[in-house]
Amino acid sequence: MYKKNNRIDVKNWLLIGIVFLSLVIRILYIIANNSIETDGAGYALIDTDGAGYALMAESLAQGKGLLPWGETAYFIWSPLYPILIAPLYSILNDSELAGRFISFIASIATVFITWYLGKRAFGQKTGMLAATLVALSVPLIKMSWRVITEPTYSFLMMGCALLTILLFKRFTWLGSVKLGLALGLFYLSRPEGLIPAVCIISVFFGGSLVYRNYRISLLKYGTVTLIALLFILLTYLTYVHAKTGEWMLTGKTKNNWYISHVVNQGLKYEKVQYGLNETATVLGTSRLESPQIVAAIAENPTYYIYRYVKSAYRMGVLFCRSMGLLVPFILIGLIGLLRNPQTRLDAFLSLLFLSPLVLYPIFYIQNRNIETLIPLVCLYAARGFLDVLSRLNKFSIYNRFGNIVLLILFLSVLNPFVKELQMAMRIKSTQQIHEHKEAGLWLKERVPQDFSIMSRKPWVAYYSRRKLEVMPFAKFNYLIEYAEYRGVDLIVIDERYIPSTRPQLKFLLKPSQAPCYLKPIYSSTNAKDKKIIIYRLDRENFCQTSEQLAE
């Protein structure tokens, strides 16, 4: 009895050590990555999407709902992450820091839940090794201090996979409700979370047609799971409909579909995403007028099949880069799990959470879309690693030098992670985008609260806590007309982005060439940063100038 308890304590201490290791590594990365030598600019710059999430959280905490300034365009961002940020923002009064804490907590919690899922589905050793790989995964370490929804998505993916496997091991009413609600939250973290949810519901009802002995149970508990899922889903869809007048699962699908055609085409992308209509009143008209997805594919299937295959190949490359030498172990582990009758069902159910990979090639793929799946595939890698070791046990050389072989094999797998971590922690402060944050903080104390700021990037507006107006891709005079129409007060011209994304505005980097109705009120003074100039738009003077030109 004593030995049994002692063995459990050892395993618990090992788990605590793995979680502590993940905590220490992430803190060290944060310290290294946030060593910015600026005048009080603080930690690294918030993500472009992160500014949207943070503003939604602020709006929610202030009782204004999920839409800052009433802009329905914010529905392109999923709501769960800002909902989680809002209570912490109310305490910290800093939405960026609150968002970073949520990501950090989710990242650490993912290590623990990876262990527990691995233990319940594939064995204690698999869970421990998978948790270690997640703790040391550089892509996950990098995401742990960013204001993005992906760490939360990864945690919920593992949580939903765990609840699914546990429910199929033993059907219970409470388990069905938990799974349905969890799948609903999974969808609210990212819209593609609905794909695994549909797959799981299909397994319930499809399985009832195949396995007659379990028909009643599958139908009964599948229905409960579906009702719990629909409770979350319909609540959000009703809210979106009330705000936009449309029934839509997400505002991001059509946007990502269309920009995927031009995302790597420089100025063409800018024109499609941010072009103006003829009256200079509507932004992104090419994107808004794009054809429906199904209709476009049906019209030219050969082209879209080619695009799909090409994107799938790129996705595979991104995945291999993220996983390094773990890729062969993933394949070995997955094949072994599916061949083993005792683990086949659990492996199949967990694979359903990789189903978004089927649709990703249709849209615009980012590294972080692939990296969110790392915790799940680490389970397969861990199992593959253990399968290789068990096969090595059959050779006499391993009996003599087993520990050495184990160490070499383990280090060969972790070596790419260690190298990438070292590179990540050597980031120099000159690579950080200081000037936008400093400009925003400068404006925060010096311009009226109701000012709106036009910029290609959201950072100046976010850090000054002023309304953002996205800078259109247009000729200078049309851009100014749009700014006047939208009531813009300040225009941000920066050396880092304007020359490549708005070359028609490059002349404004020299204040002497600016027209009389643009008055420079701020210019960066830090020599090591890129130049940034903020102009005040004198709308009255502009209107007078326009009238004179018209005459």
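Visitor: What makes β3 largely enclosed by the rest of the structure?

Guide: Five of the five residues of β3 are buried, so the strand is largely enclosed. Buried means under 20% relative accessible area, exposed is over 50%, and partly exposed is in between (1.4 Å probe, protein chains only). Leu490, Val492 and Asp494 point one way from β3, Ile491 and Ile493 point the other way, and all are buried. Strands here are DSSP runs (E, at least two residues) and helices are runs of H or I with at least four, numbered from the N terminus.

Visitor: Before we go on, what kind of model is this?

Guide: It is a predicted model, where local features need pLDDT of at least 70 and side-chain atom pairs count only at pLDDT 80 or more, while totals for chains, interfaces and linings use all residues. Residues are numbered from 1 along each chain as its sequence is written, and side-chain values use heavy atoms, with hydrogens and water left out. As for pLDDT, that is the predictor's confidence in each residue, from 0 to 100. The chain's mean is 84, and 81% of its residues reach 70 or more.

Visitor: Which helices have the lowest and the highest mean pLDDT?

Guide: Among the elements, helix α13 (residues 285-288) is lowest at 48, and helix α8 (residues 173-189) is highest at 97.

Visitor: How do you know that β3 and β5 pair?

Guide: Two strands pair if DSSP finds at least two bridges between them. Five bridges join β3 to β5 (residues 532-537), and the two run antiparallel. One example is isoleucine 493, whose bridge partner in β5 is isoleucine 533.

Visitor: And which way does β1 run relative to β3?

Guide: β1 and β3 are parallel, with two bridges, and methionine 454 stands opposite isoleucine 491 in β3. β1 also pairs with β2 in the parallel sense, over four bridges; there, isoleucine 453 has leucine 468 as its partner. Both faces of β1 (residues 452-455) are covered: Ser452 and Met454 on one side, Ile453 and Ser455 on the other, all buried.

Visitor: Is arginine 100 buried or exposed?

Guide: Buried, because its relative accessible area is 3%. Glutamate 96 is buried too, with a value of 3%.

Visitor: What about glutamate 469 and arginine 486: where do they sit?

Guide: Their side chains meet in a salt bridge at 3.1 Å, N to O. The pair links distant parts of the chain: glutamate 469 is in strand β2 (residues 467-470), and arginine 486 is in the loop between α24 (476-485) and β3 (490-494), 17 residues apart.

Visitor: Why is arginine 486 called partly exposed?

Guide: Its relative accessibility is 32%, so it counts as partly exposed. Glutamate 469, at 4%, counts as buried.

Visitor: How many salt bridges turn up in a search of the whole structure?

Guide: The search finds 14.

Note on methods:
A salt bridge is a side-chain nitrogen of Lys or Arg within 4 Å of a carboxyl oxygen of Asp or Glu.
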